Amino acid sequence: MHPSQFMQPQIVLLKQGTDTSQGKAQLISNINACQAVVDVVRTTLGPRGMDKLIHDDQGKVTISNDGATIMKLLQIVHPAAVTLVQISMSQDAEVGDGTTSVVLLAGEFLREAKPYIEEGVHPQVIIKAYRQACKLATERIVELSVKLDQESPEKRRDMLEKSAATSLNSKLVSGHKDFFAKMVVDAVLSLDPEAPNLEMIGMKKVQGGALQESVLVEGVAFKKTFSCAGFEQMTKVFENPKICLLNVELELKAERDNAEIRIADVAAYQKIVDAEWDIIYDKLAKIHKSGANIVLSKLPIGDLATQYFADRGMFCAGRVEHGDIMRMQKATGAMIQTSCNDLNEKVLGSCLHFEEKQVGAERFNFFSGCKVASCCTLVLRGGAEQFIAEAERSLHDAIMNTRRLLKNPSVIAGGGAIEMELSAYLREYSRTIFGKQQLLISAVAKALEVIPRTVSSNAGMDPTDVLNKLRMKHAQGGRWYGVDVVEGGICDTFESFVWEATVMKKNAIESAIEAACLVLSVDETIRNPSSEKPDAKN
């Protein structure tokens with residue numbers, strides 16, 4: 001026999017330098033990477049959770065308690081750990097709250113699966129059991145949830161405020177949660193009940209003053225824009241004004257752009273200058289003739305136009321931000337015009353009252369009593385810029401949560417109560433089946449306990465002690481017992497009004513199981529070396 005028959009040539013399948021790792025070791029390393037991500041956000045969970053200060057590459061400092069914000073700013077590059085970032089982002093987009101819980105749960109499901117994988121259980125068996133557990137858990141949540149739709153408006157409002165307060169509990173602004181919960185519920189209830197569009201709630205940050213000086217303004221409000229000479233003479237208050245929204249530049253130089261003119265004598269030049277003035281005066285006259293009292297434009301309005309409007313008792317603002325103009329368009333019924341021709345009553349909007357007022361060091365334009373679509377603006381006050389930014393994120397979470405509740409008005413108890421109840425339920429169920437599934441479903445049951453455990457350890461309590469008490473209560477049928485962070489110990493969280501939206505919990509458990517299954521089903525990673533380079537194309 002020829003010796004070369006035994007020497008198989010090495011097959012080069014992938015590009016030079018490509019690293020492949022596969023099998024069990026790869027899965028374990030992916031699980032470990034996800035654990036590292038979980039450890040970052042673990043301490044932010046619960047009313048006594050800590051905040052994270054993130055200093056990014058642009059030197060911007062963010063202080064946050066919101067799971068999704070932290071995950072976004074971490075710039076994670078590990079391919080498996082990125083799935084955790086994505087589920088927290090999807091939870092933020094879908095429900096708005098519960099972003100930290102979803103990451104914790106996914107990490108814990110993976111941690112519970114790790115010993116089984118090391119002992120050689122096939123990942124697909126684990127995935128099958130996890131999916132079954134997910135189905136059981138979500139069905140149980142729906143059974144347990146408390147419906148609140150047939151109640152009177154007062155009760156409904158009360159329920160929304162309680163739920164908003166729970167959402168704000170774990171945030172920086174928790175000291176003023178009652179004040180903000182009321183504000184959030186007012187904001188959401190002022191929207192169209194059929195289709196509450198969150199774009200209609202604007203948030204403006206004004207530095208200075210105390211948090212309690214934050215106000216909810218009915219209507220649209222935005223900061224006074226950059227203004228030219230002549231704005232002092234403008235009328236600052238209107239009743240029932242007609243509003244004109246433009247996307248037109250009202251400045252002299254605008255006419256001169258994009259034109260090349262050759263002239264033979266000086267008199268011709270004068271004609272061109274006159275023509276320029278005629279064009280802008282023509283535009284201004286058309287706007288005035290349309291009957292508008294307030295002119296808002298996305299593009300600059302020059303000093304000539306400002307003076308012209310001031311002389312005729314009108315108000316104008318140029319360089320208005322896109323979001324504000326869009327909100328004005330929806331709220332007042334005006335249409336954005338890209339030319340000044342054919343301005344008529346139909347394209348103008350209206351509101352009941354307009355006023356320019358001082359807020360802190362800034363001047364704000366307030367439009368209230370918009371008839372076409374209800375809309376409101378939260379003006380947030382506070383000392384440090386980061387503090388106001390965090391307040392804005394917290395309120396966003398609470399607003400999203402409240403809106404979800406309006407659509408699906410059912411709640412469950414928070415504070416780890418629902419997780420303990422599901423855990424007890426799955427543990428009971430696992431005793432009725434046999435085989436590997438039994439072990440895996442009880443692993444899910446154990447993993448669910450991570451929420452009450454983390455909440456209690458973040459509050460400085462002894463988690464083992466708390467969990468033992470909770471297990472006992474849930475075994476005896478005390479289904480709404482959760483962690484009592486205020487007194488230390490356990491209490492009936494439903495009675496203490498720690499309420500969460502059913503949709504949020506359901507979504508969190510489904511997303512977490514989904515992410516865990518995704519990581520478990522990967523057994524090989526192929527990395528191209530160029531993906532490591534900082535300037536590589538994505």
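A cavity is a set of points, on a 1 Å grid over the protein atoms alone, where a 1.4 Å probe fits but cannot get out. A volume is the space filled by probe spheres set on the points, with grid points joined across faces, edges and corners. The second largest cavity of this predicted model holds about 50 Å³ of space. Local features need pLDDT of at least 70 and side-chain atom pairs count only at pLDDT 80 or more, while totals for chains, interfaces and linings use all residues. Residues are numbered from 1 along each chain as its sequence is written, and side-chain values use heavy atoms, without hydrogens and water.

**Cavities**

- The whole structure has 2 cavities of 30 Å³ or more, and the largest cavity contains about 70 Å³ of space.
- Lining residues (those with an atom within 4 Å of a point) of the largest cavity include Cys228, Ile301, Thr306 and Gly318.
- That lining has 7 nonpolar, 4 polar and no charged residues (Ala, Val, Leu, Ile, Met, Phe, Trp, Tyr, Cys and Pro count as nonpolar, Asp, Glu, Lys and Arg as charged, the others, Gly among them, as polar).
- Among the residues lining the second largest cavity are Lys224, Lys236, Glu356 and Asn365; by class, its lining has 5 nonpolar, 3 polar and 3 charged residues.

**Largest pocket**

- The largest pocket (an open set with protein on both sides within 12 Å along at least five of seven lines) has a volume of about 840 Å³.
- Its lining numbers 46 residues, of which Pro47, Thr166, Asn169, Ser170 and Val498 are the closest to the centre.
- Elements giving two or more residues to this lining include helix 4 (99-118), helix 13 (417-430) and helix 17 (502-520), while helix 6 supplies the largest share, 7 residues.
- The pocket lining divides into 14 nonpolar, 18 polar and 14 charged residues.

**Surface patch**

- Ile261, Ile263 and Tyr269 form a nonpolar surface patch, with about 310 Å² of accessible area together (patch residues have over 30% relative accessible area and no salt bridge; nonpolar side chains, Val, Leu, Ile, Met, Phe, Trp and Tyr, are joined within 5 Å).
- Accessible areas come from the Shrake-Rupley method with a 1.4 Å probe, and a salt bridge is a side-chain nitrogen of Lys or Arg within 4 Å of a carboxyl oxygen of Asp or Glu.
- Ile261 lies in the loop between helix 8 (253-256) and helix 9 (266-289).
- Ile261 counts as exposed because its relative accessibility is 52% (exposed means over 50% relative accessible area).

Technical notes
Helices (H or I, at least four residues) and strands (E, at least two) are DSSP runs, numbered from the N terminus. Patches are made of residues with over 30% relative accessible area and no salt bridge: like charges are joined within 9 Å, nonpolar side chains (Val, Leu, Ile, Met, Phe, Trp, Tyr) within 5 Å. Buried means under 20% relative accessible area, exposed over 50%, partly exposed in between (1.4 Å probe, protein chains only).
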